[in-house]
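Please look over the sequence and the model shown below before reading on.

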Amino acid sequence: MALDRPIFWLGLAGLSPPQRAALVAVLPSQPTSLPAWRIAKFSEADAWCISGAAARLHDDGTLTVPDSRSAEPELLLRLDQVDRPLAFTTPLAVPEIEPLTTFEPESERSVRMVLKKFEAWLQPLRAQYFLGALLHQRVGSLPQAVYGLTHQTVLLAVVDIPRRRIDYLVDASPVQLEQAVWDPCAASPDALPPRFKQVSLRAAMWQFAQHSAADLLPAAYQTDAIRLLRPPQVPEAWLKDSLRTVLRALEIGPTSLEQLLQSGVNPEQLLRDLGSLYFDGAVSTATGEGHWLFSANQDP
């Protein structure tokens, strides 16, 4: 069965309202045969689009971009510390910026081309999403073992459940992963093969939840009180503002989904945040509905 494609999150800085509107109109909003793209808070996005006309490069290497929509503080970036795909709109006010990618926000073709480049750069994240989705499909059915995922004799990943890690081929395609055969194998190698990366099971499941359009929670979460077992065990930078709101509510005590919805969080994002906490093993229901991979008696 074909898996849903991920939602990627796009941050915008300095674009004029007409430019933003033109760009947003082109974004595929629903994950079908292609990934969806939706606008997110700049610091929480997977990729960035910055106005080349508004950006200013300073002698210390700092890039500043004013907010075109409000009196918000201007954005400050160091280009040598950027850790995600980045593209500038044309024209560039400062030729010294020398971006890897530029595009015209009013051109549908240009926007689609830059999204394709972003998706290529985000291949490791895409692979983690699909590996998380495949694990979710197998909830409760995988013994504590090591599995090699192969497609037409090509090794795509080694899923090591006892050690809670995945070694994966960064450019494995969605079709390859969907059609891969899962076979028990020996322990995962200490040295990674070429073009492989390593990610924890927890991180892969978290990325799957944050980039999914589906409700991934067990049915009990719709009716039972949700309780916080412990803080999530992921990098602090992964905790979005919406998720911090959820954590503050759960820190007070067990809370229902309906009560959380009254906090003003976007309903779709609330389900993604709770899904992330569920896969992390940070939450459970009053009836003990925790995640099978990271329940209290299995968490290393």
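Thr150 lies in strand E9, which covers residues 146-151; helices (H or I, at least four residues) and strands (E, at least two) are DSSP runs, numbered from the N terminus. The model is a predicted one, in which local features need pLDDT of at least 70 and side-chain atom pairs count only at pLDDT 80 or more, while totals for chains, interfaces and linings use all residues. Residues are numbered from 1 along each chain as its sequence is written, and side-chain values use heavy atoms, with hydrogens and water left out.

Leaving out residues up to four places away in sequence, Thr150 touches Leu155, Leu156, Ala180 and Val181, where contact means heavy atoms within 4.5 Å. Thr150 and Gln179 are 29 residues apart in sequence, and their C-alpha atoms are 8.5 Å apart in space.

Thr101, in turn, sits in the loop between strand E7 (86-89) and strand E8 (102-103). When neighbours within four places in sequence are set aside, Thr101 is in contact with Leu86, Ala87, Phe88, Val114, Lys117 and Trp121.

| Residue | Relative accessible area | Class |
|---|---|---|
| Thr150 | 25% | partly exposed |
| Thr101 | 3% | buried |

Helix H1 (residues 17-26) has Gln19, Arg20, Leu23 and Val26 as its buried residues. Seen down the axis of H1, these buried residues fall within an arc of 130 degrees, so they line one face of the helix; the arc is that of the directions from the helix axis to the C-beta atoms. Pro18 and Ala25 are exposed on the other side of H1. The cover over the buried residues of H1 includes strand E1 (7-13), strand E2 (36-39), strand E3 (47-50), E8 and helix H2 (108-121).

Taken as a whole, the protein contains 9 helices and 15 strands, and 50% of its 300 residues count as buried. Its C-alpha trace spans about 55 × 50 × 35 Å along the principal axes. A compact globule with 300 residues would have a radius of gyration near 19 Å, and the 21 Å of the protein agrees with this; the radius of gyration is taken over C-alpha atoms, and the globule rule is 2.2 Å times the number of residues to the power 0.38. Among contacts between residues at least 6 apart in sequence, 72% join residues at least 24 apart.

Note on methods
Buried < 20%, exposed > 50% of the residue type's maximum accessible area, 1.4 Å probe, protein only.
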